[in-house]
Amino acid sequence: MDKLLEVNGLTKQFSQGFVIGRVILTAVERISFFIKPAEIFTLAGESGCGKTTTAKVVLGFEEATSGEILHNGKPQTRKEKVWITQGVQAIFQDPFCTFNPLRTVDSYFYETVRNYRLANSKKEAMDWIDRKLRLVGLTHQEFAGKYPSEFSGGQLQRISIARALLTDPKLIIADEPVSMVDASLRMSIVNLFKQLKDELGVSILYITHDLATAYYVSDRIAIMFRGNIVEMGAVEQVLMKPRHPYSKLLRDSIPQADPKKRWTTSIRLSELEEEEYLRQGCKFAGRCPDVMDACKSVVPKDLYFEDALVKCHKYSGN
Ligand SMILES: Nc1ncnc2c1ncn2[C@@H]1O[C@H](COP(=O)(O)OP(=O)(O)OP(=O)(O)O)[C@@H](O)[C@H]1O
Ligand SMILES: [Mg+2]
């Protein structure tokens, strides 16, 4: 099976200030997953579970503490600019932060076309840009010469997707791309992801709190909790017949992303986060309705079912 992206045993640690002093926080703990060509793979989980950290490491913005990242079977080298070498592009939460308010949006497009030598003339550049804008339901005419403030959040997010498409990426990493978009427009944005997958064969690493859109758009999903993937498999299986008590809780509570939070969030931890990150055994033991003695001291193993991976002591007797 082809794997566009493969992440093996990825760990990312930060030195964090805790009440008890500075300690090492394992924001991402030996996680493994892969993304196939033309697939939408989702990382879901509540705030502070390590989703953005995973994205930053895969994009090469942060260095892994350990583990490996492979693109088409080849290891990602340190500090590699994956958006140039591997056809990986990113879309972020707040499209208004992506574009400088004092610059016209089209200037970014022409800059990218120039930098990547995607066209030989102004006319060719315009056609190239127009083709990409049409993929997201816009045209060159609609956006030429306009500033970010002249667009709605939903339009600007579409524009950031078109911008990501300029270089014909194979993988788009979208970190909370709809959490700042009006609820009524969210589906239209995630629909676009589906369309890009079906029509262009692009894969998407979709990062979200929003299980409704995740369910609708994903092929496979991984549920993260305090740096660990606690359950992973086909979206139908994981969200409709979850095995892990945390997946069940998440499905029933559906926490919302905080729209005021930016990609470069404050790194201060809440007390709960701190306690759970430092917990021995299963990180979810403190909140788990099915907690057993072993959960408090022994880290659960990754258990493989036919259709899913589950990290939970409840199933270790199977
Ligand atoms: N640069 C950093 N230095 C220290 N700790 C960090 C740093 N970046 C992230 N963290 C910590 O790592 C943990 C995971 O953070 P991360 O931003 O990856 O979570 P997230 O799942 O993306 O959360 P959200 O849904 O709120 O965006 C958090 O406890 C966070 O405080
Ligand atoms: Mg995040």
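Colleague: What makes strand E7 (residues 171-175) count as mostly covered?

Modeller: This is a predicted model, and in it five of the five residues of E7 are buried. Buried means under 20% relative accessible area, so each residue of E7 falls below that limit.

Colleague: Which residues lie on each side of E7?

Modeller: Leu 171, Ile 173 and Asp 175 are on one side, and Ile 172 and Ala 174 are on the other. Both faces are covered, with these residues buried. As a general point, side chains in a regular strand alternate between the two faces of the sheet.

Colleague: How do you know that E6 and E7 pair?

Modeller: Pairing needs at least two bridges. Four bridges join E6 to E7, so they qualify as a parallel pair. Ile 91 stands opposite Ala 174 of E7.

Colleague: Which order do the strands of the open sheet follow?

Modeller: The eight strands run E6-E7-E8-E3-E9-E10-E12-E11, with mixed pairing.

Colleague: Why are strand E6 (88-91) and strand E11 (303-304) called edge strands?

Modeller: Each of them pairs on one side only. Further in, strand E3 (residues 40-44) and strand E9 (residues 220-225) pair in the parallel sense over four bridges. One detail of that pairing is that Thr 42 has Ile 221 as its bridge partner in E9. Helix H11 (residues 245-253) packs on the sheet, where H11 touches E9 and strand E10 (228-234). The direction of H11 makes about 100° with that of E9.

Colleague: Let's turn to the helices. Why is H1 described as largely enclosed by the rest of the structure?

Modeller: Seven of the eight residues of H1 are buried, so the helix is largely enclosed. The buried ones are Lys 51, Thr 53, Thr 54, Ala 55, Lys 56, Val 57 and Val 58. After H1 comes Gly 60, with a positive phi near 80°.

Colleague: Which residues of H4 are buried, and what covers them?

Modeller: Val 105, Asp 106, Tyr 108, Phe 109, Tyr 110, Thr 112 and Val 113 are buried in H4. Their cover includes H3, H5, helix H6 (140-143) and helix H7 (153-165).

Colleague: What is noted about the phi of Arg 117?

Modeller: Arg 117 has a positive phi of about 50° although it is not a glycine. In general, most residues other than glycine have a negative phi. Arg 117 sits in the loop between helix H4 (105-115) and helix H5 (122-135).

Colleague: Why is Arg 117 called exposed?

Modeller: Its relative accessible area is 74%, and exposed means over 50%. Arg 117 is therefore exposed.

Colleague: How do you know whether Asp 94 is buried or exposed?

Modeller: At 8% relative accessibility, Asp 94 is buried, since the limit for that word is under 20%. Asp 94 is in the loop between E6 and helix H3 (95-98). The C-alpha atoms of Asp 94 and His 140 are 22 Å apart, and the two residues are 46 apart along the chain.

Colleague: Finally, which residues are closest to ligand 1?

Modeller: Of the 18 residues that surround ligand 1, the closest are Ser 47, Gly 48, Lys 51, Thr 52 and Thr 53. The largest share of the shell, three residues, comes from H1.

Colleague: What makes the approach of Ser 47 to ligand 1 a polar contact?

Modeller: A polar side-chain atom of Ser 47 lies 2.4 Å from an oxygen atom of ligand 1, and the limit for N or O atoms is within 3.5 Å. A backbone N or O atom of Gly 50 is 3.1 Å from an oxygen atom of the ligand. The protein covers 87% of the 640 Å² of accessible area that ligand 1 has on its own.

Key
Residues numbered from 1 in each chain as written. Chains lettered and ligands numbered in written order. Predicted model: local features only at pLDDT ≥ 70, side-chain atom pairs only at ≥ 80, totals over all residues. Heavy atoms only, no water. Helix = DSSP H or I, 4+ residues; strand = E, 2+ residues; numbered from the N terminus. Contact = heavy atoms within 4.5 Å. Axes fitted to C-alpha atoms, helices over the stretch in contact; angles between N-to-C directions. Buried < 20%, exposed > 50% of the residue type's maximum accessible area, 1.4 Å probe, protein only. Near = heavy atom within 4 Å. Polar contact = N/O pair within 3.5 Å; in protein donor to acceptor, adjacent residues only side chain to side chain. Areas by Shrake-Rupley, 256 points an atom, 1.4 Å probe, with all protein chains shown as cover.
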